[in-house]
Amino acid sequence: MDIEAVLVNCSSLGFPSRRSTTSTTATTLSVSILNKKNSNNLLLLRSSSSILLSAKLRAQSIDAELGVVKLEGSTNSGSELLVWPSPSDEIPFWDRKFPSWDASSAGPPNIEKDSDPMHIIHVTAEMAPIAKVGGLGDVITGLARSCLSRGHKVDIMIPFYECIQKHQVSELALVTTYNSYHDGNWVATNAYRGVVSGLPVILVEPSNHFFKGQSVYGGSYNELEAYLFFSRACLEWMQVTGTQPDIIHVHEWQTGSLPMLYWDMYHHLSLYKPRIVLTIHNMEHYGECRQEELSKCGLDGSIYATAEKAIDDRTIGHNPERLSLLKGGIVYSNTVVSVSPTYLKETLCSGWLANTLIRNRDKYCGILNGIDTAMWDPATDVFLPAEFNANKTEGKNICKNFVQRGLGLASKGDSNLVADKVPLVVCITRLVAQKGLHLITHAIKHVEELGGQLIVLGMAPDGRVQREFEGLADLHNKGSSVRILLMYSEELSHMLYAAADMVLVPSIYEPCGLAQMIGMRYGAVPIVRKTGGLADTVFDIDDPSQPEKANGFVFEGIDEGSLSWTLQRAFTFFQQKPNEWNGIVKKIMEIDNSWNNASGKYIDVYNSIRVR
């Protein structure tokens, strides 16, 4: 048995050395790590008294005062030593190199195959992780993976954005060169096949300027025209290649023209088999469109300027009247899905599309999104400094201490801090009005007043909002309680969920929401406003009517006072009922918010409309 000795002097790493309870002399610790060839890895901590501690450690029983520790299954390669981060590090801890990770290899086990498999093609503007802006990308990847695991054939068609990192697409190959129509011309187009996180993708690349730029959205091209082109190019590819899927599943306004193109054009040409499902992820975006713009994809825009088809009801009588691609998609799709049952009810009662949805109520249903539990799993997550699960949560404490040290927040090593009494709240979100900006701003101040810590991670597409939060960052980031990080990092988001005691989602409206479900998966108790999918997934701990569902803290108002009271309740529970809090953490980590449940409902929808 080979033994590698790694000597660690805690004080040399900037952390306090351990002191004997009977002596003022610091004890220098050394760590002897058995070679990983031995399946019973032991961590030997030798102090001056030669005490031998034997354990199989996965970061759960390590004292956070140690500067370097051995983590079995650690994200660190080679010697597998965890080095605590510091704000002064040249490379931020979330930008360190991580092992390659194929989420497909961690798929759900023992999923029963469906007896009647079908071919499903998703047509979408986003897909995680290669073209992700918001929750849409996560939903596409999670739903597709779950259906694939059930034995169905699944393809995902997305634009080949210039910003896509080609190294993220394995087996990338050009499979089809064809022409697709736009504004009186046939545009040469390439279709590439590849694999992303174990999922088959088809990337559509026009030879013109569409989808060029350094980000998914916001390029110098006309986005509306680009997605009109993309929607037709996907159908054109199916026709050219003779592909007849059972289901074409479109998402959001960007692909709202596809159902119109299918039923009024391609169904009369050669695509006879597919049926269309439209999922509405956020009804805030309608895809406003002029008649002449719709005509650029080959349809006669004037035909759709009626209340029964695609006219934007808000513009009736105006000059000019406008169309809505989302409305056209609702009217022409075989089934329309909202991403939560409560959001379905809300959309039937408010908003200008309510009348259209009521007229099409018989084909409108609500299916709560799931989360991709292969991608979001604290027991296997390569981005975490320590892994953990519902039965062994000690690694979560290391994740919290790791993030605190890396961001310069007061942490367990600070003498003036009782770590177990200071809750860490995270808010990971796009900084837009929908997400409750005034409530996030209030939380920044109030959490600090309550003696807690808060980390906000997100970006604002609106320059005015971005500048406002830059000012807040300048004001608060110098202290030891608040960090406002105006950026996006997939790696850091994983670490923050793992570190958090609580996850804050104070949305004004939220069609579904993934943050609360991901947070629970990582043991972060949700604090949410009661709306949309948040109302379907989080139930208040103090609500006596449904104690068996209790899993978080809920408020209903949109005022700061409602949030303040709920934060106070959560902090009091955390600080005064530690055992009960730990029970809640275990409970929420065991909740099944996977796509396995939701995909089964989508399969039922697919089967109800497919042609056999």
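Select helix 2 (residues 223-241) and helix 3 (residues 257-264) in this predicted model; helices are DSSP runs of H or I with at least four residues, strands are E runs of at least two, and both are numbered from the N terminus. The two axes, lines fitted to C-alpha atoms over the stretch in contact, with angles from 0 to 180 degrees between N-to-C directions, come within 9 Å and cross at roughly 45°. Helix 2 and helix 3 are therefore oblique to each other (under 35 degrees is roughly parallel, over 145 roughly antiparallel, 65 to 115 roughly perpendicular, the rest oblique).

Next, show side chains. Leu-228, Ser-231, Arg-232, Cys-234 and Leu-235 of helix 2 meet Ser-257, Leu-258, Leu-261 and Tyr-262 of helix 3, contact being heavy atoms within 4.5 Å.

Move to the open sheet, where 6 strands pair in parallel in the order 21-20-19-22-23-24; pairing needs at least two DSSP bridges. Strand 21 (482-485) and strand 24 (553-555) are the edges, each with a single partner strand, so one side of each has no neighbour in the sheet. Within the sheet, select Val-425, which stands opposite Met-502 in strand 22.

Helix 15 (residues 578-589) lies across strands 22, 23 and 24, at about 80° to strand 23.

Last, colour by pLDDT, the predictor's confidence in each residue from 0 to 100. Residues 1-68 stay under 50.

Residues are numbered from 1 along each chain as its sequence is written. Local features need pLDDT of at least 70 and side-chain atom pairs 80 or more, while totals for chains, interfaces and linings use all residues, and side-chain values use heavy atoms, without hydrogens and water.
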